[in-house]
Amino acid sequence: MKTLEQITSCLNGYDPEALDADLARAAILDFVRPVDAVETVPLRAALGRILAADVTSPIDVPGHDNSAMDGYAFAGSALAARAADAPLQLLLGATLHAGDAPAALPAPDRCLRIMTGAVMPAGCDTVVPQEFCELADTPEGRVMRVSPELSKQLKPGDNRRLRGEDLAAGSRALAAGRRLRPADLGLLASLGIAQVAVQRKLRVAFFSTGDELTPVGEPLAPGAIYDSNGTTLGAMLARLGVEALDYGNVGDDPALLEAALRRAAGEADAVITSGGVSVGEADFTKQVMARIGEVAFWKMSIRPGRPMAFGRIWADDARAGAGAVMFGLPGNPVAVMVTFYCFVRDALLTLAGEAVKPLPRFKLPLAAPVKKKPGRTEFQRVRLVAGEDGVLRAHLTGAQGSGILRSMSEADGLIVLAQHQGSLAAGDLVDVLPFEALV
Ligand code: AMP
Ligand code: MG
């Protein structure tokens with residue numbers, strides 16, 4: 001594992017007072033490595049878990065050539081064998097249902113009634129759908145007949161699914177790093193796989209710092225505020241499917257902070273704090289991190305969420321093992337959310353062993369002009385409302401101060417305005433990060 005210094009050295013030369021958010025993100029993702037711990041769970045308990053190894057199909061799917069239609073199975077060579085412009089006429093034999101044992105065509109001038117999913121009988125390679133056919137009784141027995149016009153539309157091999165065409169035995173069904181969704185579990189079930197190797201859940205400890213903070217449910221003293229970041233962080237972590245360890249609040253005291261961080265480093269793979277990363281008199285996070293680990297401190301050119309500490313801490317001075325990756329987020333409630341989605345989410349998912357895909361963004365027009373100065377990447381809260389023309393437009397939720405959590409709650413998503421971008425006009429297309437995609 002590289003040291004933080006090796007990784008951040010590539011950022012030397014950039015303005016430490018205004019680090020580009022993409023550079024910080026890249027440095028973080030370069031630093032984190034998946035936690036190496038695997039467990040086996042029953043298939044039904046694997047929803048949302050991250051696959052720890054590729055799954056190879058033990059069988060062909062489908063397991064046999066089979067019929068894609070309800071109809072009649074026959075040898076495709078019969079199509080060429082009949083006289084030009086003659087109907088296709090074949091003596092009818094037994095009926096085959098899905099699940100019946102494999103059968104065989106008695107002779108090439110015969111056909112068998114076949115149902116969707118039934119195994120193709122030996123000697124047959126083609127199925128004619130029943131809508132094409134009429135049945136008639138003749139002195140030779142019952143026959144299936146297809147008119148000359150419809151016969152011309154048939155080719156050998158029609159309406160037959162080939163063995164292994166969905167998935168051949170030995171081929172990869174699912175790749176390591178995939179977060180298992182309902183369709184994936186169904187696919188594994190179709191292969192007869194009852195247990196899967198998944199990454200153990202990532203353990204993430206989190207706490208809020210600040211002498212002014214009061215836990216929810218307790219009376220509020222004059223000058224105090226409720227700790228909302230703890231609740232927000234716990235909820236964001238729950239959506240990522242990690243095991244979140246809630247350490248509550250820690251006061252602005254270096255000794256208390258050190259004790260909480262050392263405990264977290266011993267118990268968790270990653271630690272997230274909020275508050276205390278500015279340069280005020282009560283901001284100790286950076287200094288304590290530096291004492292018990294490695295720290296990179298960045299003032300990023302984003303709004304909201306300027307200062308952030310990132311690094312690694314250890315439980316004791318021996319610094320054995322990988323320690324815990326640490327994110328010291330700012331204290332303002334909106335900044336906590338923005339920095340979490342911008343820098344923390346993908347890093348945690350990478351640590352958890354997931355092959356991370358970037359958050360989906362889509363482009364929508366602005367409903368009204370938006371003021372912005374070039375220089376910082378801005379995240380502004382928007383509601384998405386469809387106009388009478390059916391087009392969704394992004395409406396700002398009003399004041400964008402980084403402490404205003406209500407406007408975050410009212411919003412459907414964030415618009416992301418690039419660093420170099422200046423003010424925008426109504427109708428300009430902007431990148432939207434919808435909240436419902438933030439899982
Ligand atoms: P700080 O980064 O510690 O200077 O905090 C910045 C602002 O965010 C201050 O107004 C804090 O009171 C507020 N703040 C910090 N932590 C929390 C929290 N856990 N819940 C709500 N507000 C907070
Ligand atoms: Mg504080």
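Start with the shell around ligand 1: sorted by class, it has four nonpolar, 10 polar and two charged residues. Keep in mind as you click around that this is a predicted model.

Now pick out the closest part of that shell. Of the 16 residues around ligand 1, the ones that come nearest are Glu212, Asp227, Ser228, Asn229 and Gly276. For the strands involved, select β13 (203-209) and β15 (225-226), as each of them supplies at least two residues of the shell.

Next, zoom in on some polar atoms. On Asn229, a polar side-chain atom sits 3.2 Å from a nitrogen atom of ligand 1. Switch to Gly276, and you'll find a polar backbone atom 2.9 Å from an oxygen atom of the ligand. How much of the ligand does the protein bury? Ligand 1 taken alone exposes 480 Å², and the protein buries 76% of that.

Then select helix α6 (residues 229-240) and look for Thr232 within that helix. Is Thr232 buried or exposed? Its relative accessible area is 15%, so Thr232 is buried, the cut-off being under 20%. Show its surroundings too: apart from neighbours within four places in sequence, Thr232 is in contact with Met337 and Leu405.

Finally, zoom out and colour the chain by domain. Domain 1 takes in 4-33 + 201-351, domain 2 takes in 39-61 + 177-199, domain 3 runs over 66-161, and domain 4 covers 362-437. Going by C-alpha atoms, the centres of domain 1 and domain 3 are 69 Å apart.

Methods:
Residues are numbered from 1 along each chain as its sequence is written. Chains are lettered from A and ligands numbered from 1 in the order in which they are written. This is a predicted model: local features need pLDDT of at least 70, side-chain atom pairs count only at pLDDT 80 or more; totals for chains, interfaces and linings use all residues. Side-chain values use heavy atoms; hydrogens and water are left out. Domain bounds come from an automatic or database domain assignment. A residue is near a molecule or strand if one of its heavy atoms lies within 4 Å of it. A polar contact is a pair of N or O atoms within 3.5 Å; within protein, one must be able to donate a hydrogen and the other to accept it, and residues adjacent in sequence count only if both atoms are side-chain atoms. Accessible areas come from the Shrake-Rupley method with a 1.4 Å probe; for residues, only the protein chains shown count as cover. Helices (H or I, at least four residues) and strands (E, at least two) are DSSP runs, numbered from the N terminus. Ala, Val, Leu, Ile, Met, Phe, Trp, Tyr, Cys and Pro count as nonpolar, Asp, Glu, Lys and Arg as charged, and the others, Gly among them, as polar. Buried means under 20% relative accessible area, exposed over 50%, partly exposed in between (1.4 Å probe, protein chains only). Contact means heavy atoms within 4.5 Å.
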